[in-house]
Amino acid sequence: INAEYGGLIVGSVLIAFNGLVMLIVIILGYFCRNVSSKFNDVNAIIISVYSILVAAVIVILLFVNLKTSDPSIQLKIMASGIFIYITLPLLTVFGPKFKTLFISTQNRSSSNPSNLSQSNM
């Protein structure tokens, strides 16, 4: 087995696995649809799994179709793919929570009259 064929096999297995995870997440999302929105992260999880699947397809297609023998280019493609795999799900799941946390913290501190009187002293 040459390296190109092996990479195609690994890429196909990775895409199939991500597709299976996406299917499981969709089924779990269907069963959790009536949970309060305060505790429901199904939409964020579905978007993060979908973004991993799309990023995997793009990176694998780039890696397989880019006929280069330069290992530094292959390394840059793999490193950017790993960065995308890690960053997108974290931003999708935790981004809205941090946004809500920081906005509510700022609103509470600006609306609290005791903080205003202390800052003027």
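Because the model is predicted, local features are reported only where pLDDT is at least 70 and side-chain atom pairs only at pLDDT 80 or more, whereas totals for chains, interfaces and linings use all residues. Residues are numbered from 1 along each chain as its sequence is written, and side-chain values use heavy atoms, with hydrogens and water left out. The protein has four helices and zero strands, where helices (H or I, at least four residues) and strands (E, at least two) are DSSP runs numbered from the N terminus. Of its 121 residues, 18% count as buried, a term that stands for under 20% relative accessible area, with exposed meaning over 50% and partly exposed the range in between (1.4 Å probe, protein chains only).

**Overall architecture**

- Read from the N terminus, the elements follow the order α-α-α-α.
- Among the helices are H1, which covers residues 3–31, H2, which covers residues 42–65, and H3, which covers residues 71–111.
- Among contacts in the protein with a separation of 6 or more, 66% join residues 24 or more positions apart, a contact being defined by heavy atoms within 4.5 Å.

**Helix H2 and its buried residues**

- The 24 residues of helix H2 should span 34 Å at 1.5 Å a residue, and the end C-alpha atoms are 34 Å apart, which agrees; the expected span is taken as 1.5 Å times one less than the number of residues.
- The buried residues of H2 are Val42, Ala44, Ser48, Val49, Ser51, Leu53, Ala55, Ala56, Val59, Ile60 and Val64.
- As background to such a list, an α-helix has 3.6 residues a turn, so residues three or four places apart point the same way.

- Ser48 belongs to helix H2 and is buried, with a relative accessible area of 5%.
- Once residues up to four places away in sequence are set aside, Ser48 touches Pro89, Thr92 and Val93.
- Thr92 lies in helix H3 and counts as buried because its relative accessible area is 18%.
- Leaving out neighbours within four places in sequence, Thr92 is in contact with Ala44, Ile47 and Ser48.

- Ile82 lies in helix H3 and is partly exposed, with a relative accessible area of 46%; Ile82 and Ile52 are 30 residues apart in sequence and 9.8 Å apart in space, C-alpha to C-alpha.
- Ala79, found in helix H3, counts as partly exposed at 41% relative accessibility, and its C-alpha atom is separated by 9.9 Å from that of Val59, which is 20 residues away along the chain.
- Gly19 lies in helix H1 and is partly exposed at 31% relative accessibility; between Gly19 and Ile52 there are 33 residues of sequence separation and 9.9 Å in space, C-alpha to C-alpha.

**Surface and aromatic residues**

- The protein exposes about 9,200 Å², of which carbon and sulfur atoms supply 72%; accessible areas come from the Shrake-Rupley method with a 1.4 Å probe, and for residues only the protein chains shown count as cover.
- Leu20, Leu23, Ile24, Ile27, Leu28, Tyr30 and Phe31 make a nonpolar surface patch of about 730 Å².
- Patches are made of residues with over 30% relative accessible area and no salt bridge, in which like charges are joined within 9 Å and nonpolar side chains (Val, Leu, Ile, Met, Phe, Trp, Tyr) within 5 Å; a salt bridge is a side-chain nitrogen of Lys or Arg within 4 Å of a carboxyl oxygen of Asp or Glu.
- Leu20, one of the patch residues, lies in helix H1 and is partly exposed, with a relative accessible area of 46%, whereas Phe31 counts as exposed at 62%.
- The structure holds one aromatic pair: Tyr30 and Phe31 form it in an edge-to-face arrangement, with 5.7 Å centre to centre and 65° between the planes.
- Rings of Phe, Tyr and Trp (its six-membered ring) pair if their centres lie within 6.5 Å, and planes under 30 degrees apart count as stacked, over 60 as edge-to-face and the rest as tilted.
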